[in-house]
Amino acid sequence: MRVIHAMWLRQLKKYWRSKPRMIGMLGQPMLFLLAFGFGFGPIFEKAGQGNYLMFLAPGVIAMSILFTAMFAGIEVIWDRQFGFLKETLVAPVSRTEIMIGKTLGGATVAFIQGIIVAIISIAIGFRITNPLYVPLALVFMFLIALLFTALGTAIASRMEDMQAFPLIMNFLIMPIFFLSGALFPLEGLPTTFGTIIRINPLAYGVDGLRGTLSNAAHIGIHIDLGVMIAVTIVISIIGTYCFSKIEI
Amino acid sequence: MKNESAITVKKLVKKFKDFKAVDNISFDVKQGEIFAFLGPNGAGKTTTIKVLTTLLHPTEGKISVNGFDPVKETDKTRSSFGIVFQDPTLDVDLTANENMEFHAAMYHVSKKEAKQRIEHLLKLMELWDRKDELVKNFSGGMKRRLEIARGLIHHPKILFLDEPTLGLDPQTRNKIWTYIKDLNKKQNMTVFFTTHYMEEADEVADTIAIIDHGKILIQGTSNKLKQKTKTKSLEQAFLKLTGRSLRKENGSFKETFRNINRMWRG
């Protein structure tokens with residue numbers, strides 16, 4: 001427990017101390033909320049879909065969690081290159097413990113980032129439809145955070161250096177975000193496109209958040225929750241395996 | 001005291017695909033001894049240290065560290081030694097004290113004991129007054145001292161040092177060796193180190209082994225080495241044994257990164 005706690009605390013301290021990063025990571029969701037929220041709002045309403053900000057905010061919250069979590073996971077490469085990983089790998093603790101501590105730490109940071117974006121959303125006009133669902137929304141947020149921190153760690157464990165990073169950014173993180181239904185409704189999409197979204201775990205996270213915060217789930221909260229839990233478990237296991245195979 | 005050897009290595013082989021980084025080496029380090037492991041770049045020093053410290057599995061051969069088998073008794077082995085790696089392994093975004101506390105947690109040193117140990121060691125390494133400063137503001141020498149202090153928190157019986165004085169000024173080098181020799185004497189702590197500074201090995205080490213192309217060429221006291229090679233200094237002995245040709249080293253990404261790391265993080 002103490003090992004996991006130490007790993008977790010380290011992530012949090014580092015996050016808290018890097019204010020520029022914290023603020024920088026907020027820039028993108030802010031831009032999405034303002035530019036898309038107010039820019040597409042009128043068209044969305046004309047199409048008879050109601051308030052776009054109510055629709056968009058859960059998607060942007062999910063986005064901010066996705067990005068922060070993936071970056072937190074990929075930090076393993078940094079730890080590896082700057083040597084700190086060796087200090088943990090040569091200690092008399094199991095790699096599973098290290099992985100759990102790291103993932104929980106990264107996920108907590110991403111979760112906090114999500115909360116900040118949620119608060120900003122409310123500040124610019126987003127309204128939570130049913131406060132009773134807030135705890136469940138928090139569960140969804142934490143699941144998204146966990147899933148993608150573990151995924152980031154799994155990928156980082158297989159990478160030697162940062163050179164493949166743009167590849168991951170453009171062929172993984174961006175598609176996961178854009179093909180999640182974070183920005184547009186899932187109704188009436190072309191079949192192939194719809195199928196792609198259906199295999200994207202973030203789609204279930206976004207839908208769960210939308211269901212709990214705006215009462216506008218398309219897939220259904222129960223399925224969302226089930227899929228998110230299952231995928232998080234599977235990815236965590238894969239991540240732990242990849243991490244245990246790192247050679248220094 | 002059945003086992004008087006701190007480290008025993010018998011016919012150790014470590015292969016990476018077809019390349020034999022360590023080729024059938026055997027040696028013995030006595031308890032309380034200062035043992036220098038010398039060799040040109042790429043000779044197999046770091047690989048040997050990695051095998052001894054459980055970071056790599058041996059391909060063949062038997063090893064024992066503090067009486068434990070690093071392959072089967074990984075955690076027991078790990079608890080029994082301290083290590084200072086060639087590259088810095090501190091978290092520069094944490095303070096000196098936080099780096100120490102993190103290590104104590106990793107090595108299951110109780111919080112109460114950790115507090116005392118951290119104070120004692122940071123004072124010993126003359127870092128106590130800067131304990132709450134972020135490590136990124138430390139000089140290279142301070143970082144090294146902090147790493148040594150950190151490696152000692154859990155009372156290791158062996159201290160591994162992989163080029164501990166690389167890139168440090170003579171003052172810091174001198175200080176570091178004074179601490180280490182002192183620890184070695186007072187606590188009978190075994191020290192296993194690698195270096196490129198021959199005069200360091202000559203002065204500090206009880207036993208010296210020279211390795212090249214994965215094989216140990218010679219081992220013994222500094223005087224014995226000089227006698228055997230009929231040379232006057234350890235440096236001459238070293239060159240006579242390993243040749244004067246420069247070693248090819250692959251300019252790997254790691255190397256590049258190491259340089260960037262040095263440039264930016266000091």
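Modeller: Happy to! Please keep in mind that this is a predicted model. The largest nonpolar core has 143 residues, and those with the most contacts inside it are Ala62(A), Ile65(A), Leu66(A), Ile144(A) and Ala145(A). The helix that gives the most to this core is α3 of chain A, residues 52–81, with 20 residues.

Leaving aside residues up to four places away in sequence, Leu66(A) touches Ile144(A), Phe148(A), Ile173(A), Ile176(A), Phe177(A) and Leu202(A). As for the geometry, α7(A) covers residues 165–178, and its axis comes within 10 Å of the axis of α3(A), with a crossing at roughly 165°. The two helices are therefore roughly antiparallel to each other, and their crossing is right-handed.

Helix α3(A) has another partner in α2(A). Here the axes are 9 Å apart and the packing angle is about 155°, which makes α2(A) roughly antiparallel to α3(A). This crossing is right-handed. On the α2(A) side the contact includes Met25(A), Phe32(A), Leu33(A), Phe36(A), Phe40(A), Gly41(A) and Phe44(A), while the α3(A) side includes Tyr52(A), Leu56(A), Val60(A), Met63(A) and Phe67(A). Sorted by class, the residues of this contact divide into 14 nonpolar, five polar and one charged.

The loop between α2 (19–46) and α3 of chain A holds Asn51(A). With 16 C-beta neighbours inside 10 Å, Asn51(A) counts as partly exposed. From C-alpha to C-alpha, Asn51(A) lies 6.7 Å from Gly41(A), although 10 residues separate them in sequence. Gly41(A) is itself one of the α2(A) residues in the contact with α3(A).

Now for Ala145(A), which was among the residues with the most contacts in the core. Ala145(A) takes part in the packing of α6(A) against α5(A), together with Met141(A), Phe142(A), Leu146(A), Thr149(A), Ala150(A) and Thr153(A). Facing them from α5(A) are Met99(A), Lys102(A), Thr103(A), Gly106(A), Ala107(A), Ala110(A), Phe111(A) and Gly114(A). In class terms, the contact of α5(A) with α6(A) has nine nonpolar, five polar and one charged residues. The axes of α5(A), residues 95–123, and α6(A), residues 134–157, come within 8 Å and cross at roughly 130°. That makes α5(A) oblique to α6(A), in a right-handed crossing.

Moving on to the contact between the chains, chain A contributes 22 residues and chain B 21 residues. On the chain A side, α1 (2–17) and α4 (84–89) each supply at least two residues. The largest share of that side, seven residues, comes from α1(A). By class, the chain A side divides into 10 nonpolar, three polar and nine charged residues.

Helix α1(B) runs over residues 45–52, and eight of its eight residues are buried, so it is largely enclosed by the rest of the structure. The buried residues are Lys45(B), Thr46(B), Thr47(B), Thr48(B), Ile49(B), Lys50(B), Val51(B) and Leu52(B). After α1(B) comes Thr54(B), with a positive phi near 70°.

That brings us to the backbone spots you asked about. In chain B, Asn66(B) has a positive phi near 55°, in a residue other than glycine. Asn66(B) sits in the loop between β4 (60–65) and α2 (74–80) of chain B, and it is buried, with 20 other C-beta atoms within 10 Å. In chain A, Asn215(A) also has a positive phi, near 55°. Asn215(A) belongs to the loop between α9 (201–213) and α10 (221–244) of chain A. With 13 other C-beta atoms within 10 Å, Asn215(A) is partly exposed.

Key
Residues are numbered from 1 along each chain as its sequence is written. Chains are lettered from A and ligands numbered from 1 in the order in which they are written. This is a predicted model: local features need pLDDT of at least 70, side-chain atom pairs count only at pLDDT 80 or more; totals for chains, interfaces and linings use all residues. Axes are lines fitted to C-alpha atoms, for helices over the stretch in contact, and angles run from 0 to 180 degrees between N-to-C directions. Helices (H or I, at least four residues) and strands (E, at least two) are DSSP runs, numbered from the N terminus. Angles under 35 degrees count as roughly parallel, over 145 as roughly antiparallel, 65 to 115 as roughly perpendicular and the rest as oblique. A crossing is left-handed if the near helix is turned anticlockwise from the far one by less than a right angle, and right-handed if clockwise. Two residues are in contact if their C-beta atoms, placed from the backbone, lie within 7 Å. Ala, Val, Leu, Ile, Met, Phe, Trp, Tyr, Cys and Pro count as nonpolar, Asp, Glu, Lys and Arg as charged, and the others, Gly among them, as polar. A nonpolar core is a set of buried Ala, Val, Leu, Ile, Met, Phe, Trp, Tyr and Cys residues joined through C-beta atoms within 7 Å. A residue is buried if 20 or more other C-beta atoms lie within 10 Å of its own, exposed if 12 or fewer, and partly exposed in between; C-beta atoms are placed from the backbone.
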